[in-house]
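Subject: Structure handover

Dear colleague,

Please find the structure below. My notes on it follow.

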Amino acid sequence: MKRFSLLPSLSLYSSAHKLAIALVGASVIQGILNNTLLLLVPSRTLFGLEIWRPFTALLVAVSPMEIIFGALIIYSIGGALEQSWGRKRFLKVILGIPLLAELFTLLFFAIIPGLYDVPYHGASSLITTIWIAFGLRAAYSGQLLNFWGAPIQGKTFALIGLGFVVLTGVFSSFLLVLPDLFAALFTYSYMYRRRWFDLTEVKGKIELSYYNWKLKRLKNRSGLRVVKGSRDDEDLKPKIH
């Protein structure tokens with residue numbers, strides 16, 4: 001009889017599974033220490049030169065619910081994302097974007113040093129990055145996702161992840177979710193980078209406009225008539241007779 005499994009089997013060869021284990025371990029250590037040694041504290045990082053904090057904070061969660069659900073999200077959704085992207089790209093994006101978000105948070109506090117010094121944990125930024133990236137990847141492939149038994153589109157799935165961050169900011173303070181907001185922004189920017197920065201379509205429109213302008217000048221000078229070919233012609237460009 002075939003066994004039914006809701007989650008893929010744990011594998012130490014999977015980077016996502018290793019990250020899930022590391023998140024639980026780092027969070028438990030942080031809970032035992034009961035201080036901010038592993039967290040990102042902007043003033044201590046900027047002025048105390050405690051440069052390890054942006055790295056140690058990446059895998060720290062500060063509540064039992066965040067540890068459990070964060071590990072499950074990294075384990076399942078992150079594992080699926082790694083299978084799709086490959087290990088190298090997965091680690092580069094999933095660790096790189098939260099780290100970049102923390103660096104921008106430090107820059108924010110450097111520009112406005114009078115703000116309250118908030119200790120940040122990076123697990124929420126990591127989870128936000130994985131959630132949004134997974135949703136947008138599914139949207140590009142036309143795949144429907146299952147959210148608590150309801151089929152939803154990938155873009156909706158990504159917006160749910162963004163909604164968690166925004167609602168947390170609304171009911172607490174946006175300053176408390178600053179790295180998560182940066183992580184969401186950078187994840188959307190990364191996933192939409194080809195649409196935002198691909199100039200192929202724009203270049204084609206410019207070339208077509210220039211071609212039509214040249215034809216119009218030629219027509220005005222020579223008194224020629226411009227006739228467009230039918231859609232069945234192999235060459236769809238305007239023809240001169």
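How many helices and strands does the secondary structure of the protein chain come to? The count is 10 helices and 4 strands, where helices (H or I, at least four residues) and strands (E, at least two) are DSSP runs numbered from the N terminus. Along the sequence the pattern reads α-α-α-α-α-α-β-β-α-α-α-α-β-β.

Two notes on conventions. This is a predicted model, in which local features need pLDDT of at least 70 and side-chain atom pairs count only at pLDDT 80 or more, while totals for chains, interfaces and linings use all residues. Residues are numbered from 1 along each chain as its sequence is written, and side-chain values use heavy atoms, with hydrogens and water left out.

Overall figures

Of the 241 residues of the protein chain, 37% count as buried; buried means under 20% relative accessible area, exposed over 50%, and partly exposed in between (1.4 Å probe, protein chains only). The accessible surface of the chain comes to about 15,300 Å², and 65% of that belongs to carbon and sulfur atoms. Areas come from the Shrake-Rupley method with a 1.4 Å probe, and for residues only the protein chains shown count as cover. Taking contacts (heavy atoms within 4.5 Å) between residues at least 6 apart in sequence, 65% join residues at least 24 apart.

Aromatic pairs

The structure holds 13 aromatic pairs. Rings of Phe, Tyr and Trp (its six-membered ring) pair if their centres lie within 6.5 Å; planes under 30 degrees apart count as stacked, over 60 as edge-to-face and the rest as tilted. One of the pairs is tryptophan 131 with phenylalanine 164, edge-to-face at 6.2 Å centre to centre and 90 degrees between the planes. This pair links distant parts of the chain, with tryptophan 131 in helix H6 (residues 123-140) and phenylalanine 164 in helix H7 (residues 154-171), 33 residues apart. Tryptophan 131 has 11% relative accessibility, so tryptophan 131 counts as buried.

Phenylalanine 134 and phenylalanine 157 make another pair, which is edge-to-face because the ring centres are 5.8 Å apart and the planes are at 70 degrees. Since phenylalanine 134 lies in helix H6 and phenylalanine 157 in helix H7, the pair ties together parts that are 23 residues apart in sequence. Both phenylalanine 134 and phenylalanine 157 are buried. Ring pairs join Trp131, Phe134, Phe147, Phe157 and Phe164 into a cluster.

Elsewhere, arginine 193 lies over the face of tyrosine 190, at 4.1 Å from the ring centre. The criterion is NZ of Lys or CZ of Arg within 6 Å of the ring centre and within 35 degrees of the ring normal.

Salt bridges

Side chains of opposite charge can pair when their charged atoms come close. With a salt bridge taken as a side-chain nitrogen of Lys or Arg within 4 Å of a carboxyl oxygen of Asp or Glu, the count is 2. Glutamate 50 bridges to arginine 53, with the closest N and O atoms 2.5 Å apart, and both of these residues are buried. Arginine 87 and glutamate 82 also meet in a salt bridge, at 3.7 Å from N to O. Arginine 87 has a relative accessible area of 42% and is therefore partly exposed, whereas glutamate 82, at 8%, is buried.

A buried threonine and a surface patch

Threonine 187 lies in helix H8 (residues 178-191) and is buried at 1% relative accessibility. Leaving aside neighbours within four places in sequence, threonine 187 is in contact with Ile97, Thr129, Ile132 and Ala133.

Leu100, Leu103, Phe104, Leu107, Ile111 and Ile112 make a nonpolar surface patch of about 520 Å². Patches are made of residues with over 30% relative accessible area and no salt bridge: like charges are joined within 9 Å, and nonpolar side chains (Val, Leu, Ile, Met, Phe, Trp, Tyr) within 5 Å. Leucine 103 is placed in helix H5 (residues 87-111) and counts as partly exposed at 44% relative accessibility.

Positive phi angles

Asparagine 34, although not a glycine, has a positive phi of about 55 degrees. Asparagine 34 sits in the loop between helix H1 (15-33) and helix H2 (42-46) and is exposed at 67% relative accessibility. Leucine 49 also has a positive phi, near 55 degrees. Leucine 49 lies in the loop between H2 and helix H3 (53-56) and is exposed, with a relative accessible area of 65%.

Regards
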